[in-house]
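Biologist: I should like to learn how to read a protein structure feature by feature. May we go through one together?

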Amino acid sequence: MKLWDKGFSTDKKIDHFTVGNDRELDLVLAKYDVIASKAHAKMLGKIGLLTKEETQALCTELDHINQSIESGKFTIEDSFEDMHSKIEYVLTEKLGDTGKKIHTARSRNDQVLVAMHLYLKNELSEIKGMTQELFNLLLKLAEQHKDVLLPGYTHLQIAMPSSFGLWFSAYAETLVDDLYFIDAAYKVADQNPLGSAAGYGSSFPIDRSFTTKELGFGTMKYNVVAAQMGRGKVEKATAFGMSSIAATLSKMAMDICLYMSQNFNFVSFPDELTTGSSIMPHKKNPDVFELVRGKCNKLQAVPNQLILITNNLPSGYHRDLQLVKEVIVPAIQDLKACLEILTFSLKEIKVNKGILEDPKYDYLFSVDTLNDLVLGGMPFRDAYKKMGMEINAGNFSPKRDIEHTHEGSLGNLCLKEIRNKMK
């Protein structure tokens, strides 16, 4: 059952190689193909290529197919090449010649394009919502632990005092930057490619403005060649947004893995959120955060994978573009899983409130002690040399009653301003 079947069969090896795992991936995309097919049927009715009765029959049957998808009963058997051929087969089986008319004025090329655009719009909205949920939790934790001091590091060497308020809200504000990329990707996806057919339009008098409005797109991809060239590009835009979030999650997961180590002992989690060892009974391993780190590092390679598939293709459709589905669809599921598990786990984080009582962190306060001398009138360079000599001589006495007041410092976290950025 192939939409391009001309009455003769192809070799089974060719079938297996060209179809790949499209059927499995198409189960994710099928409902979007149904949504687009319904809009297409209504448009065909509007321009007189379908009767009112035919339009209604197609829409009703497409609703039935969508119900089977939502209930998990929809399948794409090996006898079908993809979701398009299965859906058209069902329509034809139920409606006869009326079902055969659904493919008028479209191609599999713009079918999969519009399904992918609708899918990515939905997934980007979900990713944004999940990122905002993590953002809200991080700001809540920042407020809750804003007065608990934490060592700050540069070069993995003890540097200056930080705080859990500063640490949590740093990742919150970074997520705002990540969502700028997600918003950009959404804008790319929010363009209707339906009607571009195989990439060169159609001689049928179709109404693309109608399907654009019917499908809830902000605009259409007007030029039909540009629409086809969007295949792979919209996935890349999505991947760049996802990789930005992944970089933030990976860095935070790495921090947590370090901070959970007995050598740091800054944070801990309940036993049920950690794993043990098969031979070491004392172990409480940060497996969740290690997997978040690993998965998110993989996700940062996704844009490059898509670039390597698409970067030397000329304009027009090429079968290489089928491969972008098997990269982007699993990547989206991985990122959502990482966002979900990180939000779930961080709700149970426990912070160590007495970290800086250890004398090994005394040097964290050298800059604040130096700055106190400068505030007392000593030139900065002289104060710096004096402090260095005291440290080398072992005579350093830290000033622990620090006061940081400028915007964004540990004494002035600007949580309200960061929240407004997200809004």
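**Reading contacts, helices and charged pairs**

Modeller: Let us begin with contacts. Leaving out residues up to four places away in sequence, Ile-355 touches Leu-149, Leu-150, Pro-151, Phe-164, Phe-266 and Tyr-361. Please keep in mind that this is a predicted model.

Biologist: Where is Ile-355 found, and is Ile-355 buried or exposed?

Modeller: Ile-355 is found in the loop between strand S6 (350-351) and helix H14 (366-375). Its relative accessibility is 5%, so Ile-355 counts as buried, the cut-off being under 20%.

Biologist: How far apart in space are Ile-355 and Ala-393?

Modeller: Their C-alpha atoms are 25 Å apart, and the two residues are separated by 38 residues in sequence.

Biologist: As the model is predicted, how should I read its confidence?

Modeller: Where pLDDT is low, the predicted coordinates should not be read in detail. In this protein the mean pLDDT is 91, and 93% of the residues reach 70 or more. Over residues 15-19, however, pLDDT stays under 50; the model has seven contacts beyond four places in sequence for that stretch.

Biologist: How do I check the length of a helix, for instance helix H3?

Modeller: One compares the expected span with the distance between the end C-alpha atoms. Helix H3 (residues 52-70) has 19 residues and, at 1.5 Å a residue, should span 27 Å; its end C-alpha atoms are 27 Å apart, which agrees.

Biologist: Which residues of H3 are buried?

Modeller: An α-helix has 3.6 residues a turn, so residues three or four places apart point the same way. The buried residues of H3 include Thr-55, Leu-58, Leu-62, Ile-65 and Ile-69. Just after H3, Gly-72 takes a positive phi of about 80 degrees.

Biologist: Glu-54 is also among the buried residues of H3. Which side chain meets that of Glu-54 in a salt bridge?

Modeller: The partner is Lys-101, at 2.6 Å from N to O. Lys-101 lies in the loop between helix H5 (97-100) and helix H6 (108-144), whereas Glu-54 is in helix H3, so the pair ties together parts that are 47 residues apart in sequence. Glu-54 counts as buried at 13% relative accessibility, while Lys-101 is partly exposed at 31%.

Biologist: How many salt bridges does a search of the whole structure find?

Modeller: The search finds 20. One of them joins Asp-190 and Lys-121, with the closest N and O atoms 2.8 Å apart. Asp-190 lies in the loop between H7 and strand S3 (191-192) and Lys-121 in helix H6, so this pair ties together parts 69 residues apart in sequence. Asp-190 is buried at 17% relative accessibility, and Lys-121 is buried at 9%.

Biologist: Which side chain makes a polar contact with that of Asp-26?

Modeller: The side chain of Lys-325 does, at 2.7 Å. Asp-26 is found in helix H2 (residues 22-46) and is buried, with a relative accessible area of 0%.

Technical notes: Residues numbered from 1 in each chain as written. Heavy atoms only, no water. pLDDT = per-residue confidence, 0-100. Contact = heavy atoms within 4.5 Å. Helix = DSSP H or I, 4+ residues; strand = E, 2+ residues; numbered from the N terminus. Buried < 20%, exposed > 50% of the residue type's maximum accessible area, 1.4 Å probe, protein only. Polar contact = N/O pair within 3.5 Å; in protein donor to acceptor, adjacent residues only side chain to side chain. Expected span 1.5 Å × (residues − 1). Salt bridge = Lys/Arg side-chain N within 4 Å of Asp/Glu carboxyl O.
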